[in-house]
Amino acid sequence: MTDQQPPKETCTEKAIKAVGYTKDRATEFDKQHNVVEKTKNAASATAQKAREVDEKHNIVERAKNAASGPAQRAKEFDEKHHVVEKTKEAAGVAAAKTALGLKWCASKLEPSEKPK
């Protein structure tokens, strides 16, 4: 007679059992202590308090204004001084001059006379 041992559990099987056990324990704990309901109530109260503070101090509106101010000033500055347009033009001129300079360099590397 040989003693056959039951097959070993795989990691996946162990993980499934652990998840099931943890879920059961969490459900039992919640039934005893009403954690889910208390968390919902706390979140709701926090959201309500945040709305009240915002209504009193206009935090959301002030944050929007603070964020849009610099962008608006940058746009106005560009409209007045044409910074974007001038930068594009300067980049185009620089690219053209670079191309001319490279052509000149290439011409100096070519032999001036062709062999006969």
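**Helix packing and loop geometry in the predicted model**

Asn58 is found in the loop between α2 and α3 (59–81). The model is predicted, so local features need pLDDT of at least 70, side-chain atom pairs count only at pLDDT 80 or more, and totals for chains, interfaces and linings use all residues. Residues are numbered from 1 along each chain as its sequence is written, and side-chain values use heavy atoms, with hydrogens and water left out. Helices (H or I, at least four residues) and strands (E, at least two) are DSSP runs, numbered from the N terminus.

Asn58 has a positive phi, near 50°, in a residue other than glycine. Most residues other than glycine have a negative phi. Asn58 follows α2 in the chain. Asn58 is partly exposed, with a relative accessible area of 44%. Here, buried means under 20% relative accessible area, exposed means over 50%, and partly exposed lies in between (1.4 Å probe, protein chains only).

Asn34 lies in the loop between α1 and α2. Just after α1, Asn34 takes a positive phi of about 50°. Asn34, too, is a residue other than glycine. Its relative accessibility is 43%, which counts as partly exposed.

Helix α1 covers residues 11–33. α1 has 23 residues and reaches 32 Å from its first C-alpha to its last. That is close to the 33 Å expected at 1.5 Å a residue. The expected span is 1.5 Å times one less than the number of residues in the helix. Helix α2 (residues 35–57) also has 23 residues. From first C-alpha to last, α2 reaches 32 Å, close to its expected 33 Å.

Two packed helices are described by the angle between their axes and the distance between the axes. Axes are lines fitted to C-alpha atoms, for helices over the stretch in contact, and angles run from 0 to 180 degrees between N-to-C directions. Angles under 35 degrees count as roughly parallel, over 145 as roughly antiparallel, 65 to 115 as roughly perpendicular and the rest as oblique.

α1 and α2 pack at an angle of about 65°, with their axes 6 Å apart. That makes α1 roughly perpendicular to α2. Phe29, Asp30 and His33 in α1 meet Val35, Val36 and Lys38 in α2. Contact means heavy atoms within 4.5 Å. The residues of this contact divide into three nonpolar, one polar and two charged. Ala, Val, Leu, Ile, Met, Phe, Trp, Tyr, Cys and Pro count as nonpolar; Asp, Glu, Lys and Arg count as charged; the others, Gly among them, count as polar.

The axes of α2 and α3 come within 6 Å and cross at roughly 60°. α2 and α3 are therefore oblique to each other. By class, the contact of α2 with α3 has three nonpolar, one polar and two charged residues.

α3 packs against helix α4 (residues 83–109) at an angle of about 60°. The axes of α3 and α4 are 6 Å apart. α3 and α4 are therefore oblique to each other. Phe77, Asp78 and His81 of α3 make the contact with Val83, Val84 and Lys86 of α4. The contact of α3 with α4 divides into three nonpolar, one polar and two charged residues.

Two threonines of α1 were located relative to other parts of the chain. Thr22 sits in helix α1. Thr22 is partly exposed, at a relative accessible area of 49%. Thr22 and Glu37 are 15 residues apart in sequence and 19 Å apart in space, C-alpha to C-alpha. Thr27 also lies in helix α1. Its relative accessible area is 36%, and Thr27 is partly exposed. The C-alpha atoms of Thr27 and Phe77 are separated by 61 Å, with the two residues 50 apart along the chain.

Charged side-chain pairs were also counted. A salt bridge is a side-chain nitrogen of Lys or Arg within 4 Å of a carboxyl oxygen of Asp or Glu. By this rule the count is one salt bridge. The side chains of Glu9 and Lys17 meet in a salt bridge, at 2.4 Å from N to O. Glu9 is partly exposed, at 33% relative accessibility. Lys17 is exposed, with a relative accessible area of 56%.
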